[in-house]
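Have a look at the model first, then read on.

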Amino acid sequence: MPAYEYRCRTCDTSFEVRRAITEPAAVTTPCPGGHADTSRVFTAVAVTRGGSSTAAFSAPSASAPAGGACCGGGCCG
Ligand SMILES: [Zn+2]
């Protein structure tokens, strides 16, 4: 289960939340202080401690690699 890092904009606290990959990542997660104004921080902490995952899933990336084979589906419409 990947761990996502969030940051609270109210108290500037960073915290990690382990969330199932099937759950939407856009769900608002309150900080340990109870503030709801949090935002997800995109970092490379998607390594589960004590797990046996070997980068089985592709890391979320905002920029597509400079290649050309962007997709095989119908997203390039
Ligand atoms: Zn907070």
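## Strands and helices

Helices (H or I, at least four residues) and strands (E, at least two) are DSSP runs, and they are numbered from the N terminus. With that in hand, reading along this chain gives the pattern β-β-β: there are three strands and zero helices.

A quick word on what you're looking at: this is a predicted model, where local features need pLDDT of at least 70, side-chain atom pairs count only at pLDDT 80 or more, and totals for chains, interfaces and linings use all residues. Residue numbers start from 1 along each chain as its sequence is written.

Strands of a sheet pair through backbone hydrogen bonds, either parallel or antiparallel.

## The hairpin

Now zoom in on β1 (residues 3-8), which pairs with β2 over five bridges in the antiparallel sense. Tyr-4 faces Val-17 in β2, while Tyr-6 has Phe-15 in β2 as its bridge partner.

β1 and β2 form a hairpin, with five residues between them. In that turn, Asp-12 has a positive phi of about 55 degrees.

## Burial

Of the chain's 77 residues, 4% count as buried (20 or more other C-beta atoms within 10 Å of the residue's own, with C-beta atoms placed from the backbone).

Note on methods: Buried ≥ 20, exposed ≤ 12 C-beta atoms within 10 Å, placed from the backbone. Pairing = 2+ DSSP bridges.
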